[in-house]
Amino acid sequence: QEGTKIPSKRKQNTSIITSELLYKNLLKSEQENWNDISARYKALTKRIKENLEELHKYTFNLGSPRIRFGENVYFEENGCIFLSKADDDEGNADILFSTEDLGFSDAFIQRIRISPDQRYMAINLKSENSEEATCVIMKLGPFPVVEKVIPNVFSFEWATSDVLYYTSQKNLKCQNVFMTTFTNQKHTKLVYTEKDARFFVDIYRTKDRRFLTINSNSKTTSEVWLVDCRHPFKLPALVQARTKGVIYHIEHRNDELYILTTYGEPAEYKLMKAPVASSGMENWQLVYALEEKTKLVDLEMFSDHCIMFLKNAGHLYLTVISFVSHSVQSIKLPTWACEFELESHPEHTTSTCYFQLASPVHPPKRFAYSFKENNLIEQAVQEVPIITNCHTTHLLAKSKDETLVPITVFHNTNSKELHRKPLLVHVYGAYGIDLNMNFKEEKLMLIEEGWILAYCHVRGGGELGLSWHKDGCQHNKLKGLHDLKACILLLHELGFSQPKYTALAAASAGGVLAGALCNTDPELIRAVVLQAPFVDVLNTMMKTHLPLTIEEQEEWGNPLADEECMKYIKSYCPYQNIKTQCYPSVFITAYENDQRIPLTGVLRYVQKLRKATLDHASRTSKKGNWIPNIILDIQASGSHCDSSWEDSLDEVARHLAFLNKELE
């Protein structure tokens, strides 16, 4: 156009080229730096790896949940899917599928769905280097064969024995639902499209197989559409139009929808119901409300009962609602248990519910709850030959605003002088997601070696229900930081280790609080291990072209539209608040292909942090002054915090070698 200044375009291109060049140079120098440093950890890393592999021999096959289908039991082991009879020894199982045989050797199995007549099996396979998964549909029989392969699939369910619904994933977003048929007239068609970038779509099938639900969820709001499995080609029907701030999920029983929702006061989950024919919010009736500060982990429907898996103050419970006697019973689960996983029971008429319990230091154990007997049965499992006597303690730390913050602590019962033992503190505190407390071999190994493990359930996470998350997101983010500081201070006060033997571990969004604590209270910890950390909050939230920025505004706020929000993010963002002071040593693992956490932000953070520590050292150059190690290990393969056991083994061993050296 007339009057346009051409050079601005050239300038823009030059700046893009310059920044790309700068990025490549930074990447290269960090890789060279890592190659120089890694040698000092080699021998220790090798020894740790050998110990973990030894432990893994006993624990690897304890954790695969079973899919029970009448007499048949489907289960996964070592990248293979097996079929055995319910009363038969699993050693006699038939192999139905092998990732290696079909050329997917670098992938792991993420999800399995068997069609109602057991003629087809759909499997999601995910490789280390990609966020997208591939769906493989097998035709079962004496000689199972691949029927179809669909790329970039997130979730899928069988509507009937030969109609599959699935969502496609692109750039971390799921916005389209397709239906594909396996009858003589094979065809695929688009069924639903989500237009709002903040919403993510997935598919679920109700326990009685009557409906598929198309669930469109943002971080705070939901909308559900029903597909009638008896008429899978009919258009989906809306349950209730999206209402800002109302989350809801659907189950079905006897022509009634059971609605798990945050609707009404208080804004915590409650179970409600409504007739299928008039499912609008005005017809929702309360069935059961959760107690305050209770987290709903899962819900399972049966023909006459509903089981809720609940967390309250660090303890796990089963709440069993009988639709026949209208009674409600609460069963406390073993005190060591921190996580549970339901086993799939496609028959909703069954009288037993199977699930697994685990903790970071307890391998998964299988349990069954019988509705008839009203009792909990621990299933016999191969015992892990580990002599550790592990003690579990639940503490409450008082935060800056007097809020009590739960901490779960594990240590070896035989340990003496706990104040001299190394302590590894874990934190997350975002998205209403609980801190990961699944079993990990390395945690068990640390306990055996005398370490103390502490898990700080700070605000922003979901451990105490939805309000716990709300109280630690957007303009409340600093509360999570205050909580973390209070937890570490209490641990030291009670004689669990001391600052020079204390390390902090965090991954992904947990990096915000870990990085912030390094800026505000570096004297509390000696070392930090971060995996794919989010440390450049402000710059990332200013870039709306990144796949998650719009969707994430409900968690962090929108600094582009709100100046107060920009100031607030700036006040805690790890990258923005680096200063010339003594920092703990930091080891960061990042991934070149990470779509969630841009590597540029991590590189910038490491450069700035290293400069600050060196400036501080040169200003206070007394003899014997300690200079922290700032290490960045960039993995060419692997995607965001998601890898198989074998691939994460090297990473874990390097982290532990670093911690052992730093804490001496």
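How many residue pairs are in polar contact across the interface of domain 1 and domain 2? The rule finds six, with both residues at pLDDT 80 or more; a polar contact is a pair of N or O atoms within 3.5 Å, where within protein one must be able to donate a hydrogen and the other to accept it, and residues adjacent in sequence count only if both atoms are side-chain atoms.

A word on the model: it is predicted, so local features need pLDDT of at least 70 and side-chain atom pairs pLDDT 80 or more, while totals for chains, interfaces and linings use all residues. Numbering runs from 1 along each chain as its sequence is written, and side-chain values use heavy atoms, leaving out hydrogens and water.

Now for the two partners: domain 1 covers 291-385 and domain 2 covers 393-663, with bounds from an automatic or database domain assignment. Their C-alpha centres lie 32 Å apart. Contact (heavy atoms within 4.5 Å) takes in 16 residues from domain 1 and 19 residues from domain 2.

Two salt bridges link the domains, each having a side-chain nitrogen of Lys or Arg within 4 Å of a carboxyl oxygen of Asp or Glu. Lys 311 forms a salt bridge with Asp 434, and their closest N and O atoms are 2.8 Å apart.
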